[in-house]
Amino acid sequence: MTDETCKDETLKMDVIYGIHAVSEALKSRARAFDHVAIARERHDSRLQKIIDACRAEGVTVRFVPRANLDRLAKTSGHQGVMAVMAARQYSELESLLQGRRGPHSFLVLLDGVEDPHNLGAIIRTADATGADGIVIPERRAVGVTATVAKVSAGAVEHLPVARVTNLGRALEEIKSRNIWTVGLDERASQLYHEIDYRVDCALVLGAEGKGLHEQIRKKCDYLVKIPMMGAAPSLNVSVAAGVVMYEIVRQRQSATSQPKDLPAELD
């Protein structure tokens, strides 16, 4: 098969690359695989595990020159493996609202995040912290690309992502379900850890360098900020997301954990 033929095949399908991204996609089997391409030049145990998993699942494996992967993935950072699979189907907002993973709802809304590395990092942290899903807008925002999948280390194959035409309307729908919305905004007067997250809630994050759009900002029930002690006015959006998401985890875990017995006093 020529490189051009392979390129034509991928036009109507998604390409993901990287060892973690492809491994997690094989585990989840949320989408149909066309084939997995492996660089002929690379031989190691991690790639062999992917080859073995493909054979166990009946997924076709093709061994191609590394240069072919460079061209198809449009990067040399594919780690010698690329999967061609059915185009991703975004989830409906309603399915996220009904698919609660814990005692309380926990959604993450992104108001115009454009950097795929930021989106991938946020998805990875959201999955790690038990979020129910991510909501992104269709316009002026990055979608789930191959770069996003790689940066998320495969978490995108497990965490649902809803893509909506109007984030403001989605926010209103979420609020109508008695889910409190908390916007992260550097102009807020309240600190992020002063909010009680032991309720159904949604975290709303703004775009890189721009923050929340004013109409989104006004719709949030609460606005909070992360204190900045140095010269930088704010954190990268994916870092800020991680700070607040783990505060949500901390509060929810402390609410359910029982205090440990103190050791007996020594004589």
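Biologist: Which strands does helix 8 lie across, and at about what angle does it run to strand 5?

Modeller: Keep in mind that this is a predicted model. Helix 8 covers residues 167-176 and lies across strand 5, strand 6, strand 7, strand 8 and strand 10. Its angle to strand 5 (106-111) is about 160°.

Biologist: In what order do the seven strands of the open sheet come?

Modeller: The pairing in this sheet is parallel. Reading across, the order is 7-6-5-10-8-11-9.

Biologist: Which residue in strand 7 is the bridge partner of proline 137?

Modeller: Strand 6 spans residues 133-137. It pairs with strand 7 in the parallel sense, over four bridges. For proline 137, the bridge partner in strand 7 is valine 164.

Biologist: Aspartate 111 has which side chain of opposite charge nearest to it, and how far away?

Modeller: Aspartate 111 sits in strand 5. Leaving aside neighbours within four places in sequence, its contacts include Leu167, Leu205, His213 and Ile216. The residue is buried yet has no salt bridge; a salt bridge would need the charged atoms within 4 Å. The nearest side chain of opposite charge is arginine 140, at 8.0 Å.

Biologist: Is valine 151 buried, partly exposed or exposed?

Modeller: Valine 151 belongs to helix 7 (residues 146-151). Not counting residues up to four places away in sequence, it touches His117, Gly120, Ala121 and Arg124. Buried means under 20% relative accessible area and exposed means over 50%. At 25%, valine 151 therefore counts as partly exposed.

Biologist: Which residues of helix 2 are buried, and which one just after it takes a positive phi?

Modeller: Helix 2 runs over residues 19-28. Its buried residues are Ile19, Ala21, Val22, Glu24, Ala25 and Leu26. Just past the helix, a positive phi of about 50° is taken by arginine 29.

Biologist: Where does pLDDT stay under 50 with zero contacts beyond four places in sequence?

Modeller: Across the protein chain the mean pLDDT is 86, with 90% of residues reaching 70 or more. Over residues 1-11 the pLDDT is below 50, though that stretch has 14 contacts in the model beyond near neighbours in sequence. The stretch with zero such contacts beyond four places is residues 259-267.

How values were computed: Residues are numbered from 1 along each chain as its sequence is written. This is a predicted model: local features need pLDDT of at least 70, side-chain atom pairs count only at pLDDT 80 or more; totals for chains, interfaces and linings use all residues. Side-chain values use heavy atoms; hydrogens and water are left out. Two strands pair if DSSP finds at least two bridges between them. Helices (H or I, at least four residues) and strands (E, at least two) are DSSP runs, numbered from the N terminus. Contact means heavy atoms within 4.5 Å. Axes are lines fitted to C-alpha atoms, for helices over the stretch in contact, and angles run from 0 to 180 degrees between N-to-C directions. Buried means under 20% relative accessible area, exposed over 50%, partly exposed in between (1.4 Å probe, protein chains only). pLDDT is the predictor's confidence in each residue, from 0 to 100. Lys and Arg count as positive and Asp and Glu as negative; His and the chain ends are not counted.
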